[in-house]
Each structure stands twice: as C-alpha cells, then as structure tokens.
Amino acid sequence: MRPFGNDITNIANNNGAGNNEDRSNGNDNSSNNRDSGNLESSSNEATLDTESDSRIPPHIARIGGIVTFSPIAGRGVIRVVRRCEDAKENHKLDLSQCELMQIPDAVYHLMRNTELQTCDLSGNVLKKVTPKFALKFSAITDLNLSHNQLSRLPDEFANLSALTTLNISHNSFIVLPQVVFKLQKLATLDVQHNAILEIDTEDAITSDCLAVVDLRNNPLSRNCRRKLQDFKTSFRLEISDEVEDDW
C-alpha cells in the first residue's frame with residue numbers, strides 16, 4: 001500500500017488508476033479506455049469491500065469514487081474510514097500503521113462532531129503535523145506520534161491544553177521542540193531515539209506539570225549531557241549513560 005497524502009481520495013491517481021475527472025464520475029470511462037480492464041477489476045473488488053461494511057458513510061464512499069481505487073489502495077481507505085467510525089464510539093482515534101504521509105482532510109471531516117480523548121498516529125510516514133490538528137483535536141489527553149519522520153512541531157500545539165502524555169520518540173528531531181513546555185497539563189514526554197545533539201539550557205525548560213522527560217538514545221554531546229546532569233529541573237530528566245550514546 002502506498003502512503004496516503006493529504007487527500008484520502010487521491011490514491012487512485014498515484015497508482016495510475018485514472019485522473020481527476022475519472023475519479024469524479026465512476027460511470028464515465030470514455031477517456032480511459034486503455035485502462036478500462038484493470039479499472040473495472042479494481043472497481044469490482046473495492047465495491048465489494050465498501051458494500052460489505054455498512055459503517056462506511058455513503059458521502060465518504062462517494063468522495064472521488066472509492067470504487068475507482070486499486071484493491072490495495074481501496075482497502076487502505078476503508079481501514080482509515082473504519083477506524084474513524086470506531087473513534088466516534090470510543091473517542092479513541094487509532095490511525096497507526098496506515099502509511100499516512102499527512103493527516104487526510106477526510107479524517108477531520110469524519111471527526112468533526114467527535115471530541116477525541118486519545119490519538120495514535122504512530123508507525124506512519126508523517127513528515128509534519130499541520131496547525132489544523134491542534135485546532136481540531138484540542139481536547140485530546142494522549143497523543144502518540146512515534147515512529148514517523150517528524151523534525152518539528154507547530155507552535156499551535158500549545159492549544160492542546162488537555163494533553164498529559166506526548167510520545168514523539170523514533171522521529172527526526174534535532175532539537176527539543178520548545179512548544180512542549182507550553183502544554184499546560186503535559187506530564188510525560190517521550191523523546192527517545194531522535195537525533196538531538198544539543199539542548200540550550202538557556203531556553204525555558206520548566207513546567208508545573210511535567211513529571212518525566214525521556215531523552216534516552218539521543219546522540220547528545222558529552223558537554224550537553226554533563227550540563228543536563230547538573231541542571232536543576234522540576235521533573236525527572238532521563239538521559240543515556242555516556243558510554244551508551246557517546247557517538
């Protein structure tokens with residue numbers, strides 16, 4: 001399955017299954033005769049998937065015509081939609097391991113009337129999280145962004161005023177995002193396995209609620225590590241022993 005972009009319905013175009021006009025009208029195949037055999041086969045399999053699950057909203061199934069997707073991409077879209085539908089019941093959105101490059105707009109559409117408590121976006125290929133996420137899901141208390149390709153967090157993350165647990169481990173951060181210290185209720189921050197070399201102790205790294213900041217398995221310089229060991233914080237700061245990460 002290829003990674004999803006911002007539009008949950010653009011997979012067919014990435015897979016060569018058709019163009020924008022074809023996706024907007026599943027009944028018009030006149031401009032795609034050379035691919036009609038493959039398209040018909042893919043449509044049939046994807047149609048069976050969508051028709052077999054009554055939880056998939058018709059308005060989502062019609063966006064761009066899910067029936068024009070290849071079977072693999074079609075199943076990926078269905079997986080995301082099903083998980084969004086599950087989140088409406090339990091208020092826990094699990095989009096882990098969905099090959100997402102960005103959070104599709106359709107997810108925000110599906111979740112527009114749901115106040116999420118937790119969100120799991122781990123194991124995708126996210127390179128960024130847009131400000132829209134923090135504005136739409138400002139009530140979440142637990143956010144897992146681990147195992148992606150993130151290198152920064154938007155300033156708008158400060159709007160996640162209810163967030164108590166944030167996992168950004170196994171990403172590509174080279175600096176510790178200062179916005180995390182603006183999260184009013186953040187208690188646990190996991191930043192393990194990133195590429196952080198230095199931390200400027202002159203910046204504000206204090207918090208009234210933080211209990212643990214885990215910086216283990218980052219390539220902190222020896223000088224930085226020693227400064228952190230002597231630095232007085234209101235929370236427990238976890239760093240690797242010098243032998244472990246003196247790369």
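On one side of helix 8, Asn223, Gln229 and Asp230 are exposed. The buried residues of this helix, which spans residues 222-230, are Cys224, Arg225 and Leu228. Those three cover an arc of only 100° around the axis, so they sit on the same side of helix 8. Please keep in mind as you browse that this is a predicted model, with an average pLDDT of 77 for the protein.

- Of the residues, 66% score a pLDDT of at least 70.
- Over residues 9-53 the pLDDT stays under 50, and the model has 59 contacts beyond four places in sequence for that stretch.
- Residues 61-70 also have a pLDDT that stays under 50, with 32 contacts beyond four places in sequence.

**Salt bridges**

- Side chains of opposite charge can pair when their charged atoms come close.
- The model has 5 salt bridges, counting a side-chain nitrogen of Lys or Arg within 4 Å of a carboxyl oxygen of Asp or Glu.
- One of them joins Asp94 to Arg83, with the closest N and O atoms 3.8 Å apart.
- Asp94 belongs to strand 1 (residues 92-94) and Arg83 to helix 5 (residues 71-90), so this pair ties together parts that are 11 residues apart in sequence.
- Both partners are partly exposed: Asp94 has a relative accessible area of 34%, and Arg83 has 23%.
- An α-helix has 3.6 residues a turn, so residues three or four places apart point the same way.
- Glu85 is buried at a relative accessible area of 14%, whereas Lys88 is partly exposed at 32%.
- Arg216 and Asp214 meet in a salt bridge too, at 2.6 Å from N to O.
- Arg216 is partly exposed, with 34% relative accessibility, while Asp214 is buried, with 8%.

**Cysteines**

- If you are wondering about disulfides, a search of the whole structure finds 0.
- Cys98 is in no disulfide, and the nearest cysteine sulfur, that of Cys84, is 8.7 Å away.
- With a relative accessibility of 1%, Cys98 counts as buried.
- Cys119 is likewise in no disulfide; its nearest cysteine sulfur is that of Cys84, 9.2 Å away.
- Cys119 counts as buried as well, at 2% relative accessibility.

**Around Asn144**

- Asn144 is part of strand 3, which covers residues 142-144.
- The relative accessible area of Asn144 is 18%, and this residue is buried; the cut-off for buried is under 20%.
- Leaving aside neighbours within four places in sequence, Asn144 is in contact with Cys119, Asp120, Leu121, Ser122 and Asn167.
- Cys119, one of these contacts, is the buried cysteine described above.

**Aromatic pairs**

- A search of the whole structure finds 4 aromatic pairs.
- Among them is the tilted pair of Tyr108 and Phe137, with 5.5 Å centre to centre and 35° between the planes.
- Tyr108 lies in helix 6 (residues 105-110) and Phe137 in the loop between helix 7 (131-136) and strand 3, so their pairing ties together parts that are 29 residues apart in sequence.
- Tyr108 and Phe137 are both buried.
- Phe133 and Phe157 form a stacked pair, because their ring centres are 6.1 Å apart and their planes are at 25°, and planes under 30 degrees apart count as stacked.
- Phe133 comes from helix 7 and Phe157 from the loop between strand 3 and strand 4 (165-167), so the pair ties together parts that are 24 residues apart in sequence.
- Phe133 is buried, as is Phe157.
- Ring pairs link Tyr108, Phe133, Phe137 and Phe157 into a cluster.

Technical notes. Residues are numbered from 1 along each chain as its sequence is written. This is a predicted model: local features need pLDDT of at least 70, side-chain atom pairs count only at pLDDT 80 or more; totals for chains, interfaces and linings use all residues. Side-chain values use heavy atoms; hydrogens and water are left out. Helices (H or I, at least four residues) and strands (E, at least two) are DSSP runs, numbered from the N terminus. Buried means under 20% relative accessible area, exposed over 50%, partly exposed in between (1.4 Å probe, protein chains only). A disulfide is a pair of cysteine sulfur atoms within 2.5 Å. Contact means heavy atoms within 4.5 Å. Rings of Phe, Tyr and Trp (its six-membered ring) pair if their centres lie within 6.5 Å; planes under 30 degrees apart count as stacked, over 60 as edge-to-face and the rest as tilted. pLDDT is the predictor's confidence in each residue, from 0 to 100. The arc is that of the directions from the helix axis to the C-beta atoms.
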